[in-house]
Amino acid sequence: MITDLRAADWSTPAVVLKFDQNRLHHGSLGVVRSLGRLGVPVYGVHEGPWAPAASSRYLAGRFFWQPRPDDPQRTLSGLFDLASRIGRRAVLYATDDAGAIFLAEHGDALRDAFAFPRPPADLPRQLAGKYSMFQLCRDLGVPTPQATLAWSPGEASGFAGRVGFPLIAKLTTPWRGAGSAGASCSPGRALRSTTIIRTPEELRDVCDRAGRADAGLMLQEYIPPAPGQDWFFHGYVDQAGRCVPAFTGVKDRSYPAYAGLTSLGRAVPNSRVAAQVTGMTAAIGFRGIVDLDLRFDPRDAQYKLLDFNPRLGAQFRLFTTDTGVDVARAAYLDLTGQPAVAGEMTRGRRFLVENYDPLGAVGYWRRGELGLRSWVRSLRRVDEVAWLARDDLRPFVLMCARMAWRAVSRGVVSRSTGRRSGACRSSACRSSASQSSASQSGASQSSASQSRARGPSALLRATGGPRYRPGPRAAWGTAGQQTAQFSQEGEKV
(Lines give C-alpha, C1' and ligand atoms only; values in the text may rest on other atoms or scores of the structure.)
Protein backbone atom coordinates (compact mmCIF):
# COMPACT_ATOMS: atom_id res chain seq x y z
CA MET A 1 0.00 0.00 0.00
CA ILE A 2 1.54 3.30 -1.16
CA THR A 3 1.59 5.97 1.55
CA ASP A 4 3.87 8.46 -0.23
CA LEU A 5 3.31 9.57 -3.85
CA ARG A 6 7.06 9.64 -4.35
CA ALA A 7 7.09 5.85 -4.08
CA ALA A 8 4.59 5.35 -6.93
CA ASP A 9 5.44 4.53 -10.53
CA TRP A 10 4.28 7.39 -12.77
CA SER A 11 5.73 6.08 -16.03
CA THR A 12 2.46 4.83 -17.57
CA PRO A 13 1.14 7.40 -20.10
CA ALA A 14 -2.26 9.06 -19.71
CA VAL A 15 -4.69 10.37 -22.34
CA VAL A 16 -7.16 13.17 -21.62
CA LEU A 17 -10.14 12.54 -23.93
CA LYS A 18 -12.62 15.32 -24.68
CA PHE A 19 -15.65 14.97 -26.98
CA ASP A 20 -17.24 18.31 -26.10
CA GLN A 21 -15.96 21.01 -28.46
CA ASN A 22 -15.41 23.50 -25.66
CA ARG A 23 -12.01 25.12 -26.04
CA LEU A 24 -12.27 26.71 -22.60
CA HIS A 25 -12.73 23.46 -20.67
CA HIS A 26 -10.52 23.93 -17.62
CA GLY A 27 -11.07 20.42 -16.29
CA SER A 28 -8.95 18.82 -19.01
CA LEU A 29 -6.14 21.28 -18.27
CA GLY A 30 -6.42 20.34 -14.60
CA VAL A 31 -5.78 16.68 -15.41
CA VAL A 32 -2.79 17.54 -17.62
CA ARG A 33 -1.19 19.58 -14.85
CA SER A 34 -2.10 17.26 -11.98
CA LEU A 35 -0.52 14.22 -13.64
CA GLY A 36 2.20 16.07 -15.55
CA ARG A 37 3.63 17.56 -12.38
CA LEU A 38 4.20 14.01 -11.13
CA GLY A 39 6.12 13.09 -14.27
CA VAL A 40 3.32 11.23 -16.09
CA PRO A 41 3.62 11.45 -19.91
CA VAL A 42 0.26 13.10 -20.65
CA TYR A 43 -1.39 13.26 -24.10
CA GLY A 44 -4.39 15.48 -24.80
CA VAL A 45 -7.18 15.48 -27.40
CA HIS A 46 -7.85 19.07 -28.53
CA GLU A 47 -9.90 20.98 -31.09
CA GLY A 48 -6.82 22.61 -32.55
CA PRO A 49 -3.43 24.09 -31.68
CA TRP A 50 -5.03 27.30 -30.38
CA ALA A 51 -7.03 25.51 -27.68
CA PRO A 52 -5.52 26.89 -24.44
CA ALA A 53 -5.01 23.47 -22.82
CA ALA A 54 -3.03 22.32 -25.88
CA SER A 55 -0.26 24.78 -24.98
CA SER A 56 0.45 23.33 -21.53
CA ARG A 57 4.11 22.62 -20.88
CA TYR A 58 3.10 19.33 -19.21
CA LEU A 59 1.87 17.71 -22.43
CA ALA A 60 4.04 15.00 -23.95
CA GLY A 61 1.90 15.01 -27.10
CA ARG A 62 -1.24 16.55 -28.60
CA PHE A 63 -3.90 15.04 -30.85
CA PHE A 64 -6.00 17.50 -32.85
CA TRP A 65 -9.22 15.66 -33.48
CA GLN A 66 -12.99 15.82 -33.14
CA PRO A 67 -14.33 12.47 -31.81
CA ARG A 68 -17.87 11.64 -32.92
CA PRO A 69 -19.93 9.64 -30.40
CA ASP A 70 -22.61 9.10 -33.08
CA ASP A 71 -20.03 7.32 -35.26
CA PRO A 72 -18.60 4.57 -33.00
CA GLN A 73 -16.48 2.87 -35.65
CA ARG A 74 -14.78 6.10 -36.69
CA THR A 75 -14.18 7.07 -33.06
CA LEU A 76 -12.79 3.64 -32.15
CA SER A 77 -10.50 3.81 -35.17
CA GLY A 78 -9.24 7.21 -34.05
CA LEU A 79 -8.57 5.96 -30.53
CA PHE A 80 -6.61 3.02 -31.93
CA ASP A 81 -4.56 5.55 -33.91
CA LEU A 82 -3.82 7.35 -30.63
CA ALA A 83 -2.76 4.10 -28.99
CA SER A 84 -0.50 3.24 -31.92
CA ARG A 85 1.19 6.64 -31.70
CA ILE A 86 1.74 6.35 -27.94
CA GLY A 87 3.09 2.83 -28.33
CA ARG A 88 2.04 1.39 -24.96
CA ARG A 89 -1.05 0.98 -22.79
CA ALA A 90 -2.23 4.27 -21.32
CA VAL A 91 -4.72 5.41 -18.68
CA LEU A 92 -7.72 7.04 -20.38
CA TYR A 93 -9.75 9.89 -18.82
CA ALA A 94 -13.20 10.98 -20.00
CA THR A 95 -13.80 14.65 -19.18
CA ASP A 96 -17.40 14.96 -20.43
CA ASP A 97 -20.63 12.96 -20.45
CA ALA A 98 -20.35 11.97 -24.11
CA GLY A 99 -16.93 10.44 -23.51
CA ALA A 100 -18.02 8.56 -20.39
CA ILE A 101 -21.06 7.16 -22.20
CA PHE A 102 -19.01 6.15 -25.24
CA LEU A 103 -16.38 4.30 -23.21
CA ALA A 104 -19.01 2.44 -21.20
CA GLU A 105 -20.97 1.35 -24.28
CA HIS A 106 -18.19 0.81 -26.85
CA GLY A 107 -14.99 0.67 -24.84
CA ASP A 108 -14.46 -3.10 -24.44
CA ALA A 109 -12.55 -3.21 -27.73
CA LEU A 110 -10.12 -0.62 -26.34
CA ARG A 111 -9.09 -2.33 -23.12
CA ASP A 112 -5.90 -3.84 -24.50
CA ALA A 113 -4.76 -0.33 -25.46
CA PHE A 114 -6.18 1.74 -22.58
CA ALA A 115 -6.95 1.36 -18.89
CA PHE A 116 -10.22 2.98 -17.74
CA PRO A 117 -13.03 2.15 -15.29
CA ARG A 118 -15.65 -0.47 -16.10
CA PRO A 119 -19.11 0.63 -14.86
CA PRO A 120 -22.23 -1.24 -16.06
CA ALA A 121 -22.50 -0.43 -19.77
CA ASP A 122 -25.87 1.33 -19.58
CA LEU A 123 -25.24 3.22 -16.33
CA PRO A 124 -23.38 6.39 -17.45
CA ARG A 125 -26.10 7.18 -20.01
CA GLN A 126 -28.77 6.65 -17.36
CA LEU A 127 -26.98 8.89 -14.87
CA ALA A 128 -26.09 11.67 -17.32
CA GLY A 129 -29.66 11.78 -18.67
CA LYS A 130 -31.61 14.23 -16.55
CA TYR A 131 -34.96 12.45 -16.49
CA SER A 132 -33.50 8.93 -16.37
CA MET A 133 -31.44 10.04 -13.35
CA PHE A 134 -34.62 11.34 -11.72
CA GLN A 135 -36.30 7.98 -12.29
CA LEU A 136 -33.33 6.12 -10.83
CA CYS A 137 -33.31 8.34 -7.73
CA ARG A 138 -37.03 7.77 -7.29
CA ASP A 139 -36.55 3.99 -7.49
CA LEU A 140 -33.66 4.06 -4.98
CA GLY A 141 -35.31 6.49 -2.59
CA VAL A 142 -32.60 9.13 -3.11
CA PRO A 143 -33.95 12.65 -2.43
CA THR A 144 -34.34 14.70 -5.62
CA PRO A 145 -36.65 17.52 -6.77
CA GLN A 146 -39.95 16.70 -8.47
CA ALA A 147 -39.67 16.48 -12.25
CA THR A 148 -41.60 15.66 -15.41
CA LEU A 149 -41.03 15.48 -19.14
CA ALA A 150 -42.47 18.39 -21.09
CA TRP A 151 -44.15 16.40 -23.87
CA SER A 152 -46.58 19.19 -24.68
CA PRO A 153 -47.32 22.80 -23.64
CA GLY A 154 -50.37 21.55 -21.76
CA GLU A 155 -48.36 19.10 -19.68
CA ALA A 156 -45.73 21.75 -19.01
CA SER A 157 -48.37 24.20 -17.82
CA GLY A 158 -49.95 21.53 -15.63
CA PHE A 159 -46.64 20.78 -13.91
CA ALA A 160 -45.99 24.50 -13.41
CA GLY A 161 -49.43 24.82 -11.85
CA ARG A 162 -48.59 22.08 -9.33
CA VAL A 163 -45.08 23.20 -8.29
CA GLY A 164 -45.30 26.91 -9.10
CA PHE A 165 -42.84 29.36 -10.62
CA PRO A 166 -39.93 29.63 -10.90
CA LEU A 167 -38.99 26.19 -12.12
CA ILE A 168 -36.02 24.58 -13.89
CA ALA A 169 -35.92 23.45 -17.52
CA LYS A 170 -33.18 20.97 -18.46
CA LEU A 171 -32.26 19.26 -21.69
CA THR A 172 -32.71 15.56 -21.02
CA THR A 173 -29.55 14.66 -22.98
CA PRO A 174 -27.31 17.72 -22.54
CA TRP A 175 -24.31 16.04 -24.18
CA ARG A 176 -26.21 16.16 -27.49
CA GLY A 177 -27.01 19.86 -27.26
CA ALA A 178 -30.21 21.41 -28.56
CA GLY A 179 -29.78 20.97 -32.29
CA SER A 180 -29.79 23.92 -34.66
CA ALA A 181 -33.23 25.24 -33.99
CA GLY A 182 -33.46 27.71 -31.22
CA ALA A 183 -30.20 29.18 -32.37
CA SER A 184 -31.87 30.49 -35.50
CA CYS A 185 -32.85 33.66 -33.71
CA SER A 186 -30.55 35.83 -31.63
CA PRO A 187 -27.52 34.18 -29.99
CA GLY A 188 -28.97 34.68 -26.52
CA ARG A 189 -31.99 32.56 -27.41
CA ALA A 190 -30.08 29.32 -27.91
CA LEU A 191 -31.22 26.72 -25.40
CA ARG A 192 -28.97 26.20 -22.41
CA SER A 193 -28.66 22.79 -20.79
CA THR A 194 -30.22 24.36 -17.65
CA THR A 195 -32.56 27.37 -17.60
CA ILE A 196 -34.52 29.04 -14.81
CA ILE A 197 -38.11 29.69 -15.94
CA ARG A 198 -39.92 32.47 -14.13
CA THR A 199 -43.11 33.15 -16.09
CA PRO A 200 -45.67 31.24 -18.20
CA GLU A 201 -44.46 33.18 -21.24
CA GLU A 202 -40.86 31.99 -20.71
CA LEU A 203 -42.13 28.43 -20.28
CA ARG A 204 -44.04 28.52 -23.58
CA ASP A 205 -41.02 30.01 -25.33
CA VAL A 206 -38.60 27.34 -24.04
CA CYS A 207 -41.02 24.51 -24.85
CA ASP A 208 -41.47 25.91 -28.35
CA ARG A 209 -37.74 26.14 -29.00
CA ALA A 210 -37.13 22.65 -27.59
CA GLY A 211 -39.84 21.29 -29.86
CA ARG A 212 -38.37 22.96 -32.94
CA ALA A 213 -34.91 21.67 -31.99
CA ASP A 214 -36.28 18.16 -31.41
CA ALA A 215 -34.60 18.25 -28.00
CA GLY A 216 -35.98 16.41 -24.97
CA LEU A 217 -36.96 18.80 -22.17
CA MET A 218 -37.42 18.04 -18.48
CA LEU A 219 -39.08 20.41 -16.03
CA GLN A 220 -37.85 20.30 -12.45
CA GLU A 221 -39.09 21.76 -9.21
CA TYR A 222 -37.13 24.83 -8.16
CA ILE A 223 -35.58 24.69 -4.71
CA PRO A 224 -35.05 28.28 -3.52
CA PRO A 225 -31.29 28.81 -3.26
CA ALA A 226 -29.42 30.48 -0.44
CA PRO A 227 -25.74 30.97 0.33
CA GLY A 228 -24.14 27.76 1.61
CA GLN A 229 -26.91 25.44 0.37
CA ASP A 230 -25.36 24.30 -2.93
CA TRP A 231 -23.11 21.30 -2.37
CA PHE A 232 -21.12 19.00 -4.59
CA PHE A 233 -19.40 15.67 -4.22
CA HIS A 234 -16.31 14.44 -6.05
CA GLY A 235 -14.94 10.95 -5.62
CA TYR A 236 -13.38 7.91 -7.22
CA VAL A 237 -14.95 4.46 -6.97
CA ASP A 238 -12.16 1.93 -7.46
CA GLN A 239 -12.33 -1.46 -9.14
CA ALA A 240 -13.26 -3.07 -5.82
CA GLY A 241 -16.23 -0.71 -5.37
CA ARG A 242 -14.71 1.49 -2.65
CA CYS A 243 -15.28 5.23 -2.98
CA VAL A 244 -11.84 6.54 -1.96
CA PRO A 245 -11.23 9.42 -1.92
CA ALA A 246 -14.60 11.04 -1.25
CA PHE A 247 -14.76 14.83 -1.19
CA THR A 248 -17.55 17.27 -0.33
CA GLY A 249 -17.67 21.02 -0.84
CA VAL A 250 -19.83 24.12 -1.10
CA LYS A 251 -20.47 25.93 -4.37
CA ASP A 252 -20.11 29.56 -3.29
CA ARG A 253 -20.69 30.97 -6.77
CA SER A 254 -21.62 29.62 -10.18
CA TYR A 255 -22.12 30.91 -13.69
CA PRO A 256 -24.96 31.56 -14.35
CA ALA A 257 -25.84 32.27 -10.72
CA TYR A 258 -27.34 29.20 -9.00
CA ALA A 259 -27.80 27.40 -12.32
CA GLY A 260 -24.41 26.71 -13.86
CA LEU A 261 -20.83 25.53 -13.43
CA THR A 262 -18.86 26.26 -10.28
CA SER A 263 -16.87 29.49 -10.48
CA LEU A 264 -15.87 29.61 -6.80
CA GLY A 265 -15.95 26.61 -4.47
CA ARG A 266 -14.50 25.53 -1.15
CA ALA A 267 -13.79 22.15 0.41
CA VAL A 268 -16.06 21.55 3.43
CA PRO A 269 -16.55 18.15 5.10
CA ASN A 270 -20.14 16.90 5.16
CA SER A 271 -20.49 13.33 6.39
CA ARG A 272 -24.20 13.25 5.61
CA VAL A 273 -23.71 14.14 1.94
CA ALA A 274 -20.77 11.72 1.67
CA ALA A 275 -22.78 8.85 3.17
CA GLN A 276 -25.76 9.57 0.90
CA VAL A 277 -23.67 9.60 -2.27
CA THR A 278 -21.42 6.65 -1.46
CA GLY A 279 -24.49 4.62 -0.56
CA MET A 280 -25.97 5.42 -3.96
CA THR A 281 -22.79 4.55 -5.90
CA ALA A 282 -22.60 1.22 -4.05
CA ALA A 283 -26.26 0.45 -4.76
CA ILE A 284 -25.93 1.02 -8.51
CA GLY A 285 -22.50 -0.61 -8.87
CA PHE A 286 -20.77 2.44 -10.32
CA ARG A 287 -17.04 2.44 -11.06
CA GLY A 288 -14.91 5.46 -11.86
CA ILE A 289 -14.80 9.20 -11.15
CA VAL A 290 -18.02 10.97 -10.14
CA ASP A 291 -19.13 14.59 -9.84
CA LEU A 292 -22.52 15.30 -8.24
CA ASP A 293 -24.45 18.50 -7.46
CA LEU A 294 -26.88 18.68 -4.55
CA ARG A 295 -28.93 21.43 -2.94
CA PHE A 296 -30.08 21.51 0.66
CA ASP A 297 -33.86 21.97 0.87
CA PRO A 298 -34.77 23.66 4.19
CA ARG A 299 -38.43 22.74 3.68
CA ASP A 300 -37.73 19.09 4.55
CA ALA A 301 -34.04 19.29 5.62
CA GLN A 302 -32.85 17.01 2.80
CA TYR A 303 -29.91 17.20 0.42
CA LYS A 304 -31.53 16.72 -2.97
CA LEU A 305 -29.54 15.42 -5.92
CA LEU A 306 -29.65 17.76 -8.92
CA ASP A 307 -27.05 16.24 -11.27
CA PHE A 308 -24.97 13.06 -11.38
CA ASN A 309 -22.03 13.39 -13.76
CA PRO A 310 -20.43 9.96 -14.36
CA ARG A 311 -17.01 11.44 -15.10
CA LEU A 312 -14.42 13.90 -13.89
CA GLY A 313 -15.77 17.32 -12.90
CA ALA A 314 -14.14 20.48 -14.22
CA GLN A 315 -13.48 21.83 -10.70
CA PHE A 316 -11.92 18.59 -9.37
CA ARG A 317 -8.70 20.38 -8.39
CA LEU A 318 -10.60 22.03 -5.55
CA PHE A 319 -10.13 18.78 -3.66
CA THR A 320 -6.90 17.16 -2.53
CA THR A 321 -5.85 15.11 0.48
CA ASP A 322 -3.00 15.78 2.87
CA THR A 323 -0.95 13.27 0.86
CA GLY A 324 -1.56 15.12 -2.45
CA VAL A 325 -4.19 12.76 -3.89
CA ASP A 326 -7.01 14.13 -6.08
CA VAL A 327 -9.53 12.05 -8.04
CA ALA A 328 -7.40 12.03 -11.21
CA ARG A 329 -4.39 10.71 -9.30
CA ALA A 330 -6.51 8.20 -7.39
CA ALA A 331 -7.83 6.81 -10.69
CA TYR A 332 -4.31 6.60 -12.13
CA LEU A 333 -2.97 4.67 -9.14
CA ASP A 334 -5.92 2.26 -9.08
CA LEU A 335 -5.90 1.60 -12.82
CA THR A 336 -2.14 0.97 -12.83
CA GLY A 337 -2.45 -1.51 -9.95
CA GLN A 338 -0.89 0.66 -7.25
CA PRO A 339 -3.13 0.72 -4.17
CA ALA A 340 -2.53 3.87 -2.16
CA VAL A 341 -3.62 5.44 1.09
CA ALA A 342 -5.71 8.45 0.10
CA GLY A 343 -5.30 10.45 3.32
CA GLU A 344 -7.59 13.10 4.79
CA MET A 345 -9.32 15.82 2.77
CA THR A 346 -7.66 19.23 2.93
CA ARG A 347 -10.31 21.41 4.59
CA GLY A 348 -11.10 24.97 3.61
CA ARG A 349 -9.32 24.81 0.27
CA ARG A 350 -10.75 27.25 -2.34
CA PHE A 351 -10.82 27.02 -6.13
CA LEU A 352 -11.67 29.82 -8.58
CA VAL A 353 -12.42 29.81 -12.33
CA GLU A 354 -11.09 33.23 -13.22
CA ASN A 355 -12.77 33.65 -16.62
CA TYR A 356 -16.28 32.80 -15.35
CA ASP A 357 -16.38 34.09 -11.78
CA PRO A 358 -16.61 37.80 -12.69
CA LEU A 359 -19.53 36.96 -15.00
CA GLY A 360 -21.23 34.86 -12.34
CA ALA A 361 -20.66 37.52 -9.69
CA VAL A 362 -22.84 39.93 -11.68
CA GLY A 363 -25.80 37.60 -11.17
CA TYR A 364 -25.28 37.54 -7.40
CA TRP A 365 -24.87 41.32 -7.37
CA ARG A 366 -28.22 41.73 -9.15
CA ARG A 367 -29.81 39.56 -6.45
CA GLY A 368 -28.34 41.82 -3.77
CA GLU A 369 -26.15 39.02 -2.39
CA LEU A 370 -22.70 40.29 -3.39
CA GLY A 371 -20.96 43.66 -3.42
CA LEU A 372 -17.72 44.75 -5.01
CA ARG A 373 -15.77 44.71 -1.74
CA SER A 374 -17.03 41.28 -0.67
CA TRP A 375 -16.22 39.89 -4.13
CA VAL A 376 -12.67 41.25 -3.96
CA ARG A 377 -12.24 39.83 -0.43
CA SER A 378 -13.32 36.40 -1.64
CA LEU A 379 -10.54 36.42 -4.25
CA ARG A 380 -7.84 36.85 -1.62
CA ARG A 381 -8.49 33.48 0.00
CA VAL A 382 -8.22 31.34 -3.16
CA ASP A 383 -5.74 28.43 -3.08
CA GLU A 384 -5.82 27.46 -6.75
CA VAL A 385 -7.27 28.90 -9.95
CA ALA A 386 -8.30 27.08 -13.09
CA TRP A 387 -5.99 28.75 -15.61
CA LEU A 388 -3.20 30.83 -14.10
CA ALA A 389 -0.17 28.85 -12.91
CA ARG A 390 3.34 30.25 -12.51
CA ASP A 391 4.86 27.07 -13.89
CA ASP A 392 2.49 26.93 -16.90
CA LEU A 393 1.53 30.39 -18.15
CA ARG A 394 0.64 29.83 -21.81
CA PRO A 395 -2.84 28.33 -21.25
CA PHE A 396 -3.81 31.41 -19.21
CA VAL A 397 -2.64 33.80 -21.92
CA LEU A 398 -4.55 31.94 -24.63
CA MET A 399 -7.65 31.75 -22.45
CA CYS A 400 -7.61 35.53 -22.01
CA ALA A 401 -7.23 35.99 -25.77
CA ARG A 402 -10.16 33.66 -26.45
CA MET A 403 -12.39 35.39 -23.91
CA ALA A 404 -11.58 38.76 -25.46
CA TRP A 405 -12.29 37.45 -28.95
CA ARG A 406 -15.57 35.92 -27.76
CA ALA A 407 -16.69 39.24 -26.28
CA VAL A 408 -15.81 41.16 -29.47
CA SER A 409 -17.38 38.62 -31.85
CA ARG A 410 -20.59 38.39 -29.83
CA GLY A 411 -20.88 42.16 -29.85
CA VAL A 412 -20.50 42.21 -33.63
CA VAL A 413 -23.08 39.44 -34.08
CA SER A 414 -25.48 41.16 -31.68
CA ARG A 415 -25.29 44.46 -33.59
CA SER A 416 -25.70 42.66 -36.90
CA THR A 417 -28.72 40.77 -35.61
CA GLY A 418 -30.24 43.93 -34.20
CA ARG A 419 -30.25 45.50 -37.69
CA ARG A 420 -32.47 42.75 -39.02
CA SER A 421 -36.09 43.75 -39.07
CA GLY A 422 -38.04 41.39 -36.80
CA ALA A 423 -35.58 38.60 -37.57
CA CYS A 424 -36.81 36.01 -35.09
CA ARG A 425 -40.41 37.08 -34.77
CA SER A 426 -41.25 36.72 -38.43
CA SER A 427 -42.72 33.60 -39.94
CA ALA A 428 -39.90 33.65 -42.47
CA CYS A 429 -37.33 33.16 -39.70
CA ARG A 430 -39.31 30.28 -38.23
CA SER A 431 -39.53 28.75 -41.68
CA SER A 432 -35.77 29.12 -42.10
CA ALA A 433 -35.15 27.44 -38.74
CA SER A 434 -37.43 24.55 -39.72
CA GLN A 435 -35.64 24.10 -43.02
CA SER A 436 -32.25 24.18 -41.25
CA SER A 437 -33.36 21.50 -38.82
CA ALA A 438 -34.69 19.32 -41.62
CA SER A 439 -31.55 19.67 -43.67
CA GLN A 440 -29.47 18.19 -40.84
CA SER A 441 -31.23 14.84 -41.20
CA GLY A 442 -28.81 14.18 -44.06
CA ALA A 443 -25.90 14.06 -41.59
CA SER A 444 -23.03 13.28 -43.91
CA GLN A 445 -23.92 15.83 -46.58
CA SER A 446 -24.63 18.56 -44.03
CA SER A 447 -21.44 17.89 -42.07
CA ALA A 448 -19.35 18.01 -45.21
CA SER A 449 -20.92 21.27 -46.41
CA GLN A 450 -20.43 22.89 -43.00
CA SER A 451 -16.80 21.79 -42.93
CA ARG A 452 -16.21 23.21 -46.44
CA ALA A 453 -17.67 26.49 -45.23
CA ARG A 454 -15.09 26.57 -42.44
CA GLY A 455 -12.19 25.79 -44.76
CA PRO A 456 -10.02 22.81 -45.79
CA SER A 457 -8.41 22.30 -42.38
CA ALA A 458 -11.82 21.91 -40.73
CA LEU A 459 -12.81 19.34 -43.36
CA LEU A 460 -9.62 17.41 -42.68
CA ARG A 461 -10.38 17.26 -38.95
CA ALA A 462 -13.98 16.25 -39.55
CA THR A 463 -13.23 13.39 -41.93
CA GLY A 464 -9.75 12.19 -40.93
CA GLY A 465 -8.22 10.69 -37.84
CA PRO A 466 -6.25 12.39 -35.08
CA ARG A 467 -3.35 14.60 -36.16
CA TYR A 468 -0.40 14.29 -33.80
CA ARG A 469 1.92 17.04 -32.66
CA PRO A 470 4.61 16.70 -29.97
CA GLY A 471 3.92 18.59 -26.78
CA PRO A 472 6.33 20.88 -24.91
CA ARG A 473 6.98 18.04 -22.45
CA ALA A 474 8.47 15.91 -25.23
CA ALA A 475 11.51 18.20 -25.34
CA TRP A 476 12.40 17.32 -21.76
CA GLY A 477 13.42 13.80 -22.65
CA THR A 478 13.57 10.75 -20.44
CA ALA A 479 16.68 11.91 -18.62
CA GLY A 480 14.96 15.11 -17.53
CA GLN A 481 12.15 13.12 -15.95
CA GLN A 482 14.54 10.82 -14.14
CA THR A 483 16.50 13.66 -12.54
CA ALA A 484 13.47 15.78 -11.55
CA GLN A 485 13.11 16.66 -7.87
CA PHE A 486 10.00 16.10 -5.74
CA SER A 487 8.31 18.84 -3.77
CA GLN A 488 6.83 18.24 -0.34
CA GLU A 489 3.47 17.35 -1.92
CA GLY A 490 5.07 14.65 -4.00
CA GLU A 491 5.14 16.67 -7.22
CA LYS A 492 8.13 16.70 -9.53
CA VAL A 493 9.55 20.19 -9.99
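**View 1. An open sheet of 6 strands with mixed pairing.** This is a predicted model, in which local features need pLDDT of at least 70 and side-chain atom pairs count only at pLDDT 80 or more, while totals for chains, interfaces and linings use all residues. Residues are numbered from 1 along each chain as its sequence is written, and side-chain values use heavy atoms, with hydrogens and water left out. Helices (H or I, at least four residues) and strands (E, at least two) are DSSP runs, numbered from the N terminus. The strand order is β5-β4-β1-β2-β3-β17, where two strands pair if DSSP finds at least two bridges between them. Because β5 and β17 each have a single partner strand, they stand at the edges, and one side of each is left without a neighbour in the sheet. Look inside the sheet for β1 and β2 (residues 42-46), which pair in the parallel sense over 3 bridges; Val16 has Gly44 of β2 as its bridge partner.

**View 2. Helix α9 lying across β4 and β5.** The helix runs at about 140° to β4; axes are lines fitted to C-alpha atoms, for helices over the stretch in contact, and angles run from 0 to 180 degrees between N-to-C directions. In α9, 9 of its 9 residues are buried (buried means under 20% relative accessible area, exposed over 50%, partly exposed in between, with a 1.4 Å probe and protein chains only).

**View 3. The largest nonpolar core, with 45 residues.** A nonpolar core is a set of buried Ala, Val, Leu, Ile, Met, Phe, Trp, Tyr and Cys residues joined through side-chain atoms within 4.5 Å. Trp10, Leu35 and Tyr93 touch the most other members. Two or more residues come from each of β1 (14-17), α1 (26-36), β4 (90-94), β10 (230-237), α9 (327-335) and α12 (394-418), and α9 gives the most, with 7 residues. A second, separate core of 24 residues includes Phe19, Leu79, Ala90 and Ala94.

**View 4. Strand β10, covered on both faces.** Asp230, Phe232, His234 and Tyr236 are buried on one side, and Trp231, Phe233, Gly235 and Val237 on the other. The strand pairs with β13 (residues 288-297) in the antiparallel sense over 8 bridges, and Asp230 has Arg295 as its bridge partner there. With β11 (residues 243-255), β10 pairs over 6 bridges, also in the antiparallel sense; Phe232 stands opposite Gly249. The hairpin of β10 and β11 has 5 residues between the strands, and Gly241 in its turn has a positive phi of about 90°.

**View 5. An open antiparallel sheet of 4 strands, in the order β6-β9-β7-β8.** β6 (147-149) and β8 (194-197) are at the edges with a single partner strand each, so one side of each is left without a neighbour in the sheet. Neighbouring strands are turned by 25° against each other on average, direction ignored. Antiparallel pairing joins β6 to β9 (residues 217-221) over 3 bridges, with Met218 as the bridge partner of Leu149. Helix α5 lies across β6, β7 (167-171) and β9, at about 135° to β6. Helix α6 (residues 153-163) lies across β6, β7 and β9 too, running at about 10° to β9.

**View 6. Helices α5 (residues 130-140) and α8 (residues 271-284), crossing at roughly 95°.** Their axes come within 12 Å. The two helices are therefore roughly perpendicular to each other (under 35 degrees counts as roughly parallel, over 145 as roughly antiparallel, 65 to 115 as roughly perpendicular and the rest as oblique). Leu136, Cys137 and Leu140 of α5 meet Met280, Ala283 and Ile284 of α8.

**View 7. Gly465 in the loop between α15 (456-463) and β17 (467-470).** Gly465 is partly exposed, with a relative accessible area of 32%. Leaving aside neighbours within four places in sequence, Gly465 is in contact with Phe64, Trp65 and Asp81. Arg74 and Gly465 are 391 residues apart in sequence, and 8.1 Å apart in space, C-alpha to C-alpha.

Conventions:
Contact means heavy atoms within 4.5 Å.
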